[in-house]
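Please examine the sequence and the structure shown below. The briefing that follows treats the helices, the sheet and the aromatic contacts in turn.

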Amino acid sequence: EVTRPTNPVRFAYVGGLHLGRASLLLDVARAVEGTPGAELWVHAPDEDLQRHRELFRGLPSLHWGPSLPSNEVGSALTFADVLVHLESFDEDTARYTRLSISTKIPQYLAAARPVLALGPAGLASMTHLISSGGAIAVDTASKEALETAVRTIATDPFTRARLASNAVSFASKHHHAPAVREQF
C-alpha cells in the first residue's frame, strides 16, 4: 500500500537543521500546527535537537526527536505520510547548495511517500524533486503558499497516493543501483 488515509496525517523531517533549515522547519511546523489532523515528526542529530529545542516550544502537534541511527531511518520514513525537504532561501546558502542533491532525496522517493519540498526554484534538489512528480514544491518564502501546500497534501489522500506512486516509480528508474551503474 503506497499511502493510506490516516488521522493524524504524519509529516516527517529527517536530517540536519544547519544551512538555514531550522527556520524553514519552524515555518513548516507552524503550517502543520494550523492544519487540523496533521502533525510533524522531527528527527535530527542530537546536537541540532538540543540547539533548536526552544525555538520549537509551544507547538502541540510537533514531535521533537529522537535522533535516529542510520538503520532506523527507513522505518521513520515509512511511518510518515508526508516527508519534508528544506532548502534555504538565503542567497549565499542557496549559492552554496545549488548543485547539491542530498542522499536523503533518493531515500525519500524510495520510501513511497509524497514529499513537501520548500526551497528556491532552480536548486538541483528542488528541480530533482519536481521532476520526480512525487513532490509538492513551494518555491517561495510565502507563508500562505506553504500553508496551502500543507493543507492540500494533508487533506487529500488521493494527491498523497498519486505523489507517492510517482516518487517510488521515479526512484526505481533513477536511483535503483542497477540503473545507476548502467548510467555510469
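Helix α1 lies across β1, β2, β3, β4 and β5, where contact means heavy atoms within 4.5 Å. The direction of α1 is at about 155° to that of β2; axes are lines fitted to C-alpha atoms, for helices over the stretch in contact, and angles run from 0 to 180 degrees between N-to-C directions. Helices (H or I, at least four residues) and strands (E, at least two) are DSSP runs, numbered from the N terminus. This is a predicted model, in which local features need pLDDT of at least 70 and side-chain atom pairs count only at pLDDT 80 or more, while totals for chains, interfaces and linings use all residues. Residues are numbered from 1 along each chain as its sequence is written, and side-chain values use heavy atoms, leaving out hydrogens and water.

- Helix α7 (residues 143–155) lies across β1, β2, β4, β5 and β6, and runs at about 165° to β6.

**The sheet**
- The order β3-β2-β1-β4-β5-β6 describes an open sheet of 6 strands with parallel pairing; two strands pair if DSSP finds at least two bridges between them.
- The edge strands β3 and β6 (135–138) each pair on one side only.
- Strands of a sheet pair through backbone hydrogen bonds, either parallel or antiparallel.
- Strand β1 (residues 9–14) is joined to β2 by 6 bridges, and Val-9 has Ala-38 of β2 as its bridge partner.
- Between β2 and strand β3 (residues 62–64) there are 3 bridges, and Trp-41 stands opposite His-63 in β3.

**Crossovers**
- β1, helix α1 (residues 21–33) and β2 form a right-handed β-α-β unit; right-handed means that, with the strands pointing away from the viewer, the path from the first strand over the helix to the second runs clockwise.
- From β2, the chain crosses through helix α2 (residues 46–52) to β3, and this β-α-β crossover is also right-handed.

**Aromatic contacts**
- There are 2 aromatic pairs, counted for rings of Phe, Tyr and Trp (its six-membered ring) with centres within 6.5 Å; planes under 30 degrees apart count as stacked, over 60 as edge-to-face and the rest as tilted.
- The ring centres of Trp-41 and Phe-79 are 5.2 Å apart and their planes stand at 85°, so this pair is edge-to-face.
- Because Trp-41 lies in strand β2 (residues 38–43) and Phe-79 in helix α3 (residues 73–79), the pair ties together parts that are 38 residues apart in sequence.
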